[in-house]
Amino acid sequence: MVARLVIAAPSSGAGKTTVATGLMAAFAGRGLAVSPHKVGPDYIDPGYHALATGRPGRNLDAYMCGTGLIAPLFAHGARGCDLAVVEGVMGLYDGAADQGELASTAQVSKLLRAPVVLVVDASSQSRSVAALVHGFASWDPEVRIGGVILNKVATDRHEHLLREALGESGVPVLGVLRRAPAVATPSRHLGLVPVAERQAAAVSAVAAQAEQVRAGCDLEALLALARSAPELHAEPWVPEVVGSRAGDPGEPVLARTASGGIPVAGRAPAPRVAVAGGAAFTFSYAEHAELLTAAGAEVVTFDPLRDVSLPEGTGGLVIGGGFPEVYGAELSANEPLRKAVAELARAGAPIAAECAGLLYLARSLDGRPMCGVLDADARMSERLTLGYRDAVAVSDSVLAPTGARMRGHEFHRTVIEPGAGAQAAWGLRQPERRVEGFVQGGVHASYVHTHWAGAPDVAARFVERCAGGPVA
């Protein structure tokens, strides 16, 4: 059994990431093996978690993967660890729009049977903090709030007033943190700046967060709370296994491949799948590479900012999300790689591109030449597009057969024109009905981020096409 804590807050901006990352680093500094997790579809926070713990940051998204996979995915990531720290998303009870508690931190805490530590921004309140904490602690009796950490406390007098008020709430104060500029992480149009873009500064910030937590929190009490979590009965998720979740309306289901499922790992020859990385393409889930490997692929990474050619023997290409708009000039200047990607697409090789990958495959981004695989042009926009998506494949592709249903997430401040090709990738059913994305030869390009653990046959289908096998 893994000791575990969920770090939540009444709302965004209270300091969850600072506290969660600081706790991870502080406990790792004591010699504990700490497993880092993040509720929801966020790609950036897990990068800081990985820096703090030395282990991959993993997401727990009940919308995209289904409620039945939360505990198995958690067990997979936390295997062999002494402690798991789960950072929540938004406010404790906030989840998918119009879906009740689905994908909320509260739901995940219940699925993991994990105690919750509530991080409260106390900067503009004193006695009212007790009413706030009492309301959150009593809203759902199945959510166990085991303590509170007060953040952004101004003075000793302010701390005294807060502690006195909370003394009547029955929820113990497990930490008090003052304002500390050294722990701050810079943000821009999509949230925090990723670790890959500020490695040295990120290391310093995480160290400062750990020191702040060590000085202001009762680590022994927090560890005791984590160890009080009851036994969690969950078999760890295994990439090689395609689980059947028929009959659960909350689970996404994707049709199986013609060969009957995921190919046996290690078959010869293993197709080589190149995965874009580096500072411009930082958005990925650890499970994607694990599933590709389990499906029989050799996964190699490359950096479109630095590498002038694709890895030798590339048979398929995965280009995930990130910030190509920030690195547009550098990506455009790497003409040899752009031409190599275009040639791979012309040859019909499987290419899966999400969001940033979609922009990179476009003809241009903010007027700068990109790979020119798609007859479309992209540009920055003032409008933020954000939210979960219920998607249906409207064209047969290297990722999904026509009619397959998947759940995903959009998160961008760019637009692409046209928004869909002659063969669109997805038909979206909420928040408005529309088609989007491009299916063109072996290319599947879309704004929609997906989590393949929720539909493992995606990886199997993609690798099978890379190997030249049949795809239904």
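## Terms and basis

Two strands count as paired if DSSP finds at least two bridges between them. Helices (H or I, at least four residues) and strands (E, at least two) are DSSP runs, numbered from the N terminus.

This is a predicted model, in which local features need pLDDT of at least 70 and side-chain atom pairs count only at pLDDT 80 or more, while totals for chains, interfaces and linings use all residues. Residues are numbered from 1 along each chain as its sequence is written, and side-chain values use heavy atoms, with hydrogens and water left out.

## Overall dimensions

The chain contains 14 helices and 22 strands. Its C-alpha atoms fill a box of roughly 70 × 45 × 45 Å along the principal axes. The radius of gyration is 23 Å, which agrees with the value near 23 Å for a compact globule of 472 residues; this radius is taken over C-alpha atoms, and the globule rule is 2.2 Å times the number of residues to the power 0.38.

Of the 472 residues, 58% are buried (under 20% relative accessible area, with exposed meaning over 50% and partly exposed in between; 1.4 Å probe, protein chains only). Among contacts (heavy atoms within 4.5 Å) between residues at least 6 apart in sequence, 75% join residues at least 24 apart.

## The seven-stranded sheet

Seven strands form an open sheet with parallel pairing, in the order β3-β2-β4-β1-β5-β6-β7. From one strand to the next, the twist averages 25 degrees.

Within this order, β5 (residues 116-121) runs parallel to β6 (residues 145-153) and is joined to β6 by six bridges. Val119 has Ile149 of β6 as its bridge partner. Helix α2 (residues 45-53) packs on the sheet, touching β2 (34-39), β3 and β4 (83-87), and its direction makes about 170 degrees with that of β2. Axes are lines fitted to C-alpha atoms, for helices over the stretch in contact, and angles run from 0 to 180 degrees between N-to-C directions.

## Pairings of β16

Strand β16 (residues 377-393) runs parallel to β14 (residues 364-365), with two bridges between them; here Leu365 stands opposite Ala378. With β17 (residues 405-417), β16 pairs in the antiparallel sense over twelve bridges, and Asp390 has Arg407 as its bridge partner in β17.

β16 also runs antiparallel to β18 (residues 426-428), joined by three bridges. In that pairing, Val392 stands opposite Gly427.
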